[in-house]
Amino acid sequence: MTTLTKILTSIDGRGYGSYKQLTGSYDLGRCRLVVDRVQVDPFAPPSLMRLIVRRADAALPEDLLTDRPGYVATTDFLARAVAAAAGSIGEGISIGTPGQEVLERTSVAITDQGIEARLAVQLPAAGRRIRGRQAERLLTEDLPRIAEAALFPASLDTEALRAQVTLHRDQEALRGALAERSLVAFVGEGAILPRRSGDSDLPLTEGAVPFRGPESLQVSFELPSGRTVSGMGVPEGITVIVGGGYHGKSTLLRAIERGVYAHREGDGREWVLTREDVASVRAEDGRSVAGVDISPFISGLPSGTDTRSFSTTNASGSTLQAASLVEAVDAGASALLIDEDTSATNFMIRDDRMRRLIPAEHEPITPFVQRIRPLHAERAVSTVLVAGGSGAFFDVADHVIALQEYVPRDVTAQARELAETTPQPASPVFGPLRARVPAAGALRPAGKTKPASARGRDTIRFGREHIDLAAVSQLVDAAQTTAVAHALDRLAELLEQAGSAGRPEPAGSRATLDAAITALFARLDAEGLESLSPHRGHPGHLARPRLLEVHAAVNRYRGLRLAED
């Protein structure tokens, strides 16, 4: 501690750049501080530091760390403990802001040497002058107190930690069993689905109706902990959710959408679990599309544009929803979640009156209601759809669930009585998956001199361009967006390593987007999430995204060009 104190005393009152002298490692008694990167001025991103406690001193129960779910749940628990301690002890100290989801993060790491809390620290200043004494208190007093409060056995709630690990292991075991049971998702009995407000992900505490599914869709799971949970299984195939306005249709779909991640105890959605490869699709405006086969939905355009490899810089409405759907399916989605309220009407349905007024030969759009059944039959892609204004999907639904005052009922039989026979295509609609090969340098923007970076949850700065991810609703944490930004840089490297990305490559080559993204996630599995970071030591605050969200970011990059183009 003496060395650190001497440095801070000597630079007190100097220009902010003198903080650079702090880079290094310091003994703080029961923990060690490693200063990896120092901010260049008071308005730059905070300095990156690691607070390290010896593993033997932390005395974490080793049986909690024997598998990936245990490791993820343990590090999540410790990150929350550090965040709580930092919030009450020190100013300008952050370990990120964990939300309701339990995610793999880089903010805490457990190595053979110890427990690392990866912190972002705003070093104190008066204008552009160093406040050395305040910095000394921050680094030599506040940081050790945070370590004592969050990382040592005397303060750590080991029973609560064990409960979180047990819950997370059970959740992931249930999720892994969904496909075996031919289910898209599971909604547990008693779940609290409504959120406190539109800008809060916390559970509604007053007036929420606990979920109770219809008897016909009840399923039960026996879990590794020995407990059994029961609830509504959402089957593969086509499930339509109906009901009056404000009766909970979209709330149920939103919970299923977020169920691709595990939630912490007390969230209300702990037992709402969805297969990891389920994608939410909605209409957007103004994004680009590169080489996507939207011909099953849109063809015969008056302009003569070939929709089997459709590209545009400004898609919107039905065209863009068709592209987003095909992109999700091509990226490996096993099911789609679609809400009528956030969809383009002419993409979803076309009623009888409109068909009579505008003959099919003059309408380039084949609505989704006519393609939803071939999508399942030919690609094994299920759909869970909220419909509030049209019964057109009754004709093709396997199951219809009606919500009334937030209580679901199975009304499949009644819906079938109202349904009409919908002619099905005589020949396959969806062709083979189209391998998209980026043009040489497509992920190397002109003038790009810095790594890609995130601007909150919704935006990535990639070269001079901003990639808008606001409509990618299953991206739930800004730390995930940061990981996606780094993934774009790593993808560029993988494509270049495969050889010339502008030439066709042999089968299995990583020169295709799909193969490169798959290879990237194989690397994450082997080397850990921090392998995405361009920084050594402290990787920054990253949370693991899904493969589907990386695909979504690449597809929204306006500079994407394919070799065929």
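Guide: Two strands count as paired if DSSP finds at least two bridges between them. Strands (E, at least two residues) and helices (H or I, at least four) are DSSP runs numbered from the N terminus. The model is predicted, so local features need pLDDT of at least 70 and side-chain atom pairs pLDDT 80 or more, while totals for chains, interfaces and linings use all residues. Residues are numbered from 1 along each chain as its sequence is written, and side-chain values use heavy atoms, without hydrogens or water.

Visitor: In which sense do strand 2 and strand 3 run, and how many bridges join them?

Guide: Strands of a sheet pair through backbone hydrogen bonds, either parallel or antiparallel. Here strand 2 and strand 3 (residues 47-54) are antiparallel, with five bridges; Arg-37 faces Leu-48 of strand 3. Strand 2 (residues 32-37) also pairs antiparallel with strand 1 (residues 24-27), over four bridges, and Ser-25 has Val-34 as its bridge partner there. Strands 1 and 2 make a hairpin with four residues between them, and Gly-29 in the turn has a positive phi of about 95 degrees.

Visitor: Which residues other than glycine have a positive phi?

Guide: Most residues other than glycine have a negative phi. Ala-59 has a phi near 55 degrees, and Tyr-246 one near 65 degrees. Ala-59 sits in the loop between helix 2 (55-58) and helix 3, whereas Tyr-246 sits in the loop between strand 15 (238-243) and helix 6 (249-258).

Visitor: Is Tyr-246 buried or exposed?

Guide: Buried means under 20% relative accessible area, exposed over 50%, and partly exposed in between (1.4 Å probe, protein chains only). Tyr-246 is exposed because its value is 79%; Ala-59, at 47%, is partly exposed.

Visitor: In what order do the strands of the open sheet lie?

Guide: The order is 13-14-10-17, four strands with antiparallel pairing. Strand 13 (218-222) and strand 17 (272-274) are the edges, each pairing on one side only. Neighbouring strands are turned by 35 degrees on average, direction ignored; axes are lines fitted to C-alpha atoms, for helices over the stretch in contact, and angles run from 0 to 180 degrees between N-to-C directions. Strand 10 (residues 183-188) is joined to strand 17 by three bridges, with Ala-185 partnered by Thr-274. Helix 5 (residues 158-178) packs on this sheet, touching strands 10, 13, 14 (228-235) and 17, and its direction makes about 45 degrees with that of strand 17.

Visitor: Which residues touch the most other members of the largest nonpolar core?

Guide: A nonpolar core is a set of buried Ala, Val, Leu, Ile, Met, Phe, Trp, Tyr and Cys residues joined through side-chain atoms within 4.5 Å. Of the 50 residues in the largest core, these are Tyr-19, Leu-22, Leu-119, Leu-123 and Leu-139. Among the elements giving two or more residues to this core are helix 1 (2-11), strand 2, strand 3 and helix 3. Apart from it lies another core of 45 residues, including Ala-279 and Leu-548.

Visitor: Where is His-263 placed?

Guide: His-263 lies in strand 16 (residues 262-263) and is buried, with a relative accessible area of 1%. Its side chain makes a polar contact of 3.4 Å with that of Glu-101. A polar contact is a pair of N or O atoms within 3.5 Å; within protein, one must be able to donate a hydrogen and the other to accept it, and residues adjacent in sequence count only if both atoms are side-chain atoms.

Key: Contact = heavy atoms within 4.5 Å.
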